[in-house]
Each structure stands twice: as structure tokens, then as C-alpha cells.
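Keep the sequence and the 3D view at hand while reading.

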Amino acid sequence: MRILVLNGPNLNLLGHRQPEIYGLESLDDIEVLVRNEADRLGVTVEWLQSNAEDALVDAIQSHRDWDGLIINAGAYTHTSIAIADAIAAVGVPAIEVHLSNVHAREEFRHHSYLSPVVWGQVVGFGYRGYVAALRLLHDRLREAAP
Ligand code: CA2
């Protein structure tokens with residue numbers, strides 16, 4: 001099973017600023033935790049971060065034959081029809097992750113263009129949300145095609 005994990009703009013800054021919102025872990029720390037869980041589950045993970053919307057769209061397109069996608073699109077969550085279209089177009093089952101509880105924050109973070117095209121969201125659990133999303137996607141994909 002191959003799962004792409006995509007991280008959007010500014011997530012490379014994690015661990016350095018606003019730890020009260022996003023936690024103390026860096027994106028590299030989270031990658032290690034996800035890779036450890038992936039090894040346990042026997043899942044191959046590709047891990048990418050980009051600040052550029054087009055690079056995120058390109059990554060989704062070029063992994064069109066992968067089994068699953070975990071995406072924290074950062075602020076593009078709230079703005080990007082292009083990323084939503086790419087997820088819908090490739091048809092790869094996806095889970096949306098947010099470190100913070102976006103629904104408890106500013107109004108503009110309450111809407112996600114991605115939520116209609118993903119299986120579900122994991123929101124507000126910090127780095128644990130990535131690990132949970134990996135387990136959830138793995139379990140549901142195995143259920144769909146054992
Ligand atoms: O909670 C999340 O995971 C978000 O996707 C993070 C985005 C934000 O725009 C979304 O509304 C919710 C922001 C990522 C920026 O990360 C930073 C990390 C450290 C310092 C500043 C920004």
C-alpha cells in the first residue's frame with residue numbers, strides 16, 4: 001500500500017513559531033512518527049511539503065495511481081479550488097488533516113474546499129492527527145480491498 005502525505009505552505013515552520021497553536025514538533029519530527037507507524041503497518045510513504053499550490057497539484061496528479069493521500073494543505077485548504085479539483089480528478093482516497101482545531105479559530109478557517117472531495121477530516125489533534133489519519137486510511141483501504 002502506497003500513501004502520499006502532502007503538506008502545504010508554511011508547515012515547514014512548525015516547531016519554531018506559534019507552538020501554542022501548532023505544537024512543539026517540527027515537520028521533520030512528524031514525518032519520523034508517521035514513517036514509524038507506516039513501517040509498522042507495512043505502508044510505503046512519500047512525504048512532501050511545498051509552499052506552492054501548483055507543486056501540490058502536480059504531486060497529486062503524479063501520484064494518481066497511489067492508494068491513498070493524506071493532506072494538510074495549510075491555508076490553501078480555505079482557498080484552493082485547484083487542489084480540490086486535483087483530488088477529485090485523480091480519485092485517490094484522501095484524508096484531510098489539520099493540526100489545529102480550525103473550527104475554533106477565525107471564521108475564514110471554518111470552510112474547506114477539500115472537505116467535499118475527501119473521505120474525512122482529522123482536525124485539532126496536533127501531530128497525532130497525521131498518525132491517526134494513516135491508521136484510518138490504511139484500515140479503510142484494507143476493508144475496501146483486503
Ligand atoms: O491547523 C492546521 O494544520 C492548518 O492547516 C495550518 C495552516 C492554517 O492556515 C490552516 O488554517 C490550519 C497554517 C500552517 C502554518 O504553520 C505555521 C507553523 C508555524 C508558524 C507559523 C505558521
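How do the residues of the shell around the ligand divide into nonpolar, polar and charged? Eight of them are nonpolar, seven are polar and two are charged. The model examined here is a predicted one.

## The ligand and its surroundings

The ligand is surrounded by 17 residues. Among these, N72, H78, L99, S100 and R109 are the closest. The space that the ligand takes up is the largest pocket.

In N72, a polar side-chain atom is 2.8 Å from a ligand oxygen. S100 also uses its side chain: an N or O atom there lies 2.6 Å from an oxygen atom of the ligand. L99 takes part through its backbone, where a polar atom is 2.8 Å from a ligand oxygen. The ligand taken alone exposes 510 Å², and the protein buries 93% of that area.

## Salt bridges

How many salt bridges does a search of the whole structure find? The search finds six. Side chains of opposite charge can pair when their charged atoms come close.

## A residue with positive phi

Most residues other than glycine have a negative phi. N10 is not a glycine, yet its phi is positive, at about 75°. Where does N10 lie? N10 is in the loop that runs between strand 1 (2–7) and helix 1 (19–22).

How values were computed. Residues are numbered from 1 along each chain as its sequence is written. This is a predicted model: local features need pLDDT of at least 70, side-chain atom pairs count only at pLDDT 80 or more; totals for chains, interfaces and linings use all residues. Side-chain values use heavy atoms; hydrogens and water are left out. A residue is near a molecule or strand if one of its heavy atoms lies within 4 Å of it. A polar contact is a pair of N or O atoms within 3.5 Å; within protein, one must be able to donate a hydrogen and the other to accept it, and residues adjacent in sequence count only if both atoms are side-chain atoms. Accessible areas come from the Shrake-Rupley method with a 1.4 Å probe; for residues, only the protein chains shown count as cover. On a 1 Å grid over the protein atoms alone, a cavity is a set of points where a 1.4 Å probe fits but cannot get out, and a pocket is an open set with protein on both sides within 12 Å along at least five of seven lines; lining residues have an atom within 4 Å of a point. A molecule sits in a cavity or pocket if more than half of its atoms lie within 2 Å of its grid points. Ala, Val, Leu, Ile, Met, Phe, Trp, Tyr, Cys and Pro count as nonpolar, Asp, Glu, Lys and Arg as charged, and the others, Gly among them, as polar. A salt bridge is a side-chain nitrogen of Lys or Arg within 4 Å of a carboxyl oxygen of Asp or Glu. Helices (H or I, at least four residues) and strands (E, at least two) are DSSP runs, numbered from the N terminus.
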